[in-house]
Amino acid sequence: MSEPVPQEFVDVALPVPLRRTFTYRVPEGDSALPLGCRVAVPFHGRKLAGVVIGRREEPPEGVKRVFRVAGRLEAEPVFPAELLAFLEEAARYYLHPIGEVLRAAAPALPTGAFKRLREEGFLAEGEALPGRRIATRRELFVRAVPEAPEARLGSKQTKVLELVRQAEEIALAALRAEVGSSARGVVRRLEERGFVTTDERDVFVDPFFREPIERDTPPELRPAQGLAVDRMVTSLDDGGAFLLHGVTGSGKTEVYLRVIEAAAKRGRGALLLVPEIALTPQLVARFRARFGDAIAVLHSGLTEREREDHWRALRNGQLRLAVGARSALFAPVPDLGVIVVDEEHDPSFKQEEGFRYHARDMALLRAHRAGALCILGSATPSVESFRRAEGGQLHLLSLPERATSHELPKVEVIDLRRQRAAGTDHPLLTGPLKRAIRDCLDAGDQAILFLNRRGYSPSVRCGDCGAIVECPACSVALTEHRSAAELRCHYCDFRRGFPERCPTCDSTNLDALGLGTEQLEAVLAETFAPAVVARLDRDTASGKGAEQILDRLRRREVDLLVGTQMVTKGHDLPGVTLVGVLLADQSLAFPDFRAGERTFQLLAQVAGRAGRGDRKGRVLFQTFQPQHSAIAAAATHDYEAFYAVEKAEREELAYPPFGRMIAVRVDAGDETRAKDTAESLAHIARAHPAVHEGVLLVQGPAPAPIARLRGRYRFRFLVRGPRVVLRQVARAVAAQIDKGVSPARASVDVDPSSML
Ligand code: ADP
Ligand code: ZN
Ligand code: ZN
């Protein structure tokens, strides 16, 4: 047997914008440095935290001077092997610097890691870092004793006992909220006298865990659900990728729950990705009701320490189920058995800055590598996913009917061209819509009104010269927000007061134009008083806003909900029987080849919010283009019809998924510099022989649809063609960028989503 060759060198990924790694010598006395471990290394006179991603016997050829790793920053690797290998492949696929990818994926380093290193040298293997538990606090729970004796009680004691008897169990905090700080003393006396029992437990401080939740009883599966579950559970041991195409309300969530449960029984972990975690407290509640509180809910409200706690709990197997938005894709779920991507069509799964990855595509990759199942679920699958199902890369499973008693709601299309002529007091609040809202309110039901524009009026125009008031830093119109008495840029958040004079001609004749959600809310409140109107959009949803609005809706404290695309998400609100879409063709005008797809998805999804309880639903689409295929298909809940038209168009033009695409984006403070840089990069793309053969298409460079953003000028070009040649071009462009494009900034966006 030959002696193993000592591997004296390691490759370290550093958080620098360079598509390469750096070689270092292993630290003195710690030659067993494992892959995935964070280390401190000297880099241009500084110390940087990097991740060990390779080992080698010799430094790479041509490298003369090799520094030594200063030491470990943590005892155990932060990345398990499965996750590290996946992230490396993702970085390669998107041509993004691996160091930046790893930094984005991992939690912040434990506080004091560098200091500790300086004082004590590296941490020994197995030595625990100061560990902490998931953020919890002790809470006292009170239960009533069933057949307690009759006795005379004080008024406060009577009140508390009543509250306790109403609930199966109540937290002391809830009693305090009702009767004040004396609640603790009152409970103690009631316990002494045998009326109640108490029990102290840890509760999670996290908002998703604030209220205790009762375990549910799984419903009997519908036949289509049963088939889907069986098919997927059978594949649990070999992996496989599925598209679960189920109409809105068909019970997809129940399918996820069963498959995840089956995985858990085999001791395997699961990951559930959702578009916006703040909008899905109900989904989390359903998972808690089924699995209890051993769930890592990864959301943007977590502090760095909480994020680190969750990471550690998953890493050491204490938690095996993680739920979160896009970035939860990187959670170190142990022994991954299944990844579910709910509402897989949602654009929020694409990260649009820095490491521009698509969480749905990467979920397929990670699951495949880990031998796990991947389930993509949607009522309106992306064209990409449906195409994959046609091609056999995804197994298609369908839930064609609602799980509850009702059919999909009937959709009436209202032609705004005719209504305009008829003339109403508000151009977008037509007679038919008004009558429908009135009927809905009279029946004691709730309605959702969807308008994809926030603010009061989307723009302000000069009545004399016609100029639109724009953001000084971006080439976009400022939106009027009336209650805040200001104009705002929705791209950079610039704010100013309502101008007194036109910035171009000094006229005082300025008009606010168009309708936003803030105005619609006011119009509805006035028209339908005393109905209670609430609004759900970026302006009202921050912090706990979204959760509170949805809670009020569920408790029937709100009659009419106005909102942007946030109202189209998977909410299950049984009291909603009417959905009105104010302007169905709004998103069709987008300069984006996916505008039709996006419109269909928004409309079909929002329509799916109606009639999910025991009462029949009704939907109204107001539009100037009733004949448009995306609108007509959404109105008949006909995914296949939408897909057939969309597929034919994309195939003809070789748009994704029938051809691949990359976008190269350049921005700079100086317009000429941005343009020249884009030109020089496009030149590299055009030099590829496939361009002359007509296989590869270079479009642009041209100013981006939003030509200026935050004071920087933006140019971009698109390259389309078959995968292999496209990758060659992408690599050549990336290599040129690495040679130094600064001070202009340039990026390669592989499989771009946003065309802005
Ligand atoms: P989707 O995710 O497909 O929109 P949900 O999972 O939210 O649908 O299910 C819609 C409603 O139907 C929910 O209220 C859910 O509790 C209920 N449901 C799901 N499956 C069943 C079933 N097999 N039997 C009865 N009700 C069900
Ligand atoms: Zn003017
Ligand atoms: Zn701006």
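Me: Is C471 buried or exposed, and what about C474?
Reply: C471 is buried, and C474 is buried as well. Buried means under 20% relative accessible area, exposed over 50%, and partly exposed in between, with a 1.4 Å probe and protein chains only. The model is predicted: local features need pLDDT of at least 70, side-chain atom pairs count only at pLDDT 80 or more, and totals for chains, interfaces and linings use all residues. Residues are numbered from 1 along each chain as its sequence is written, chains are lettered from A and ligands numbered from 1 in the order in which they are written, and side-chain values use heavy atoms, with hydrogens and water left out.

Me: Why does C471 count as buried?
Reply: C471 counts as buried because its relative accessibility is 3%.

Me: Which residues are the protein donors of the zinc ion (ligand 3)?
Reply: They are C471 (SG), C474 (SG), C489 (SG) and C492 (SG), at 2.2 to 2.3 Å from the ion. Donors are N, O and S atoms within 2.8 Å of the metal (3.2 Å for Na, K and Ca); water is not among the atoms, so sites may look incomplete. Along the chain, the spacing of these donors is C-x2-C-x14-C-x2-C.

Me: And what is the geometry of that site?
Reply: The site of the zinc ion (ligand 3) is tetrahedral, with angles of 103 to 115 degrees among its 4 donor atoms. Four donors count as tetrahedral if all angles lie between 85 and 135 degrees.

Me: What coordinates the zinc ion (ligand 2)?
Reply: C462 (SG), C465 (SG), C502 (SG) and C505 (SG) coordinate the zinc ion (ligand 2) at 2.2 to 2.4 Å. In sequence, these donor residues follow C-x2-C-x36-C-x2-C. C465 lies in the loop between β18 (459–462) and β19 (479–481), and C505 in the loop between β21 (495–496) and β22 (510–513), so the pair ties together parts that are 40 residues apart in sequence. Strands here are DSSP runs (E, at least two residues), numbered from the N terminus.

Me: Why is the arrangement around the zinc ion (ligand 2) tetrahedral?
Reply: The arrangement is tetrahedral because the 4 donor atoms around the zinc ion (ligand 2) subtend angles of 105 to 113 degrees.

Me: Where do C465 and C505 stand on accessibility?
Reply: C465 counts as partly exposed, at 37% relative accessibility. C505 also counts as partly exposed, at 34%.

Definitions and conventions. Tetrahedral: all angles 85-135°; square planar, octahedral: opposite > 155°, others 65-115°. Helix = DSSP H or I, 4+ residues; strand = E, 2+ residues; numbered from the N terminus.
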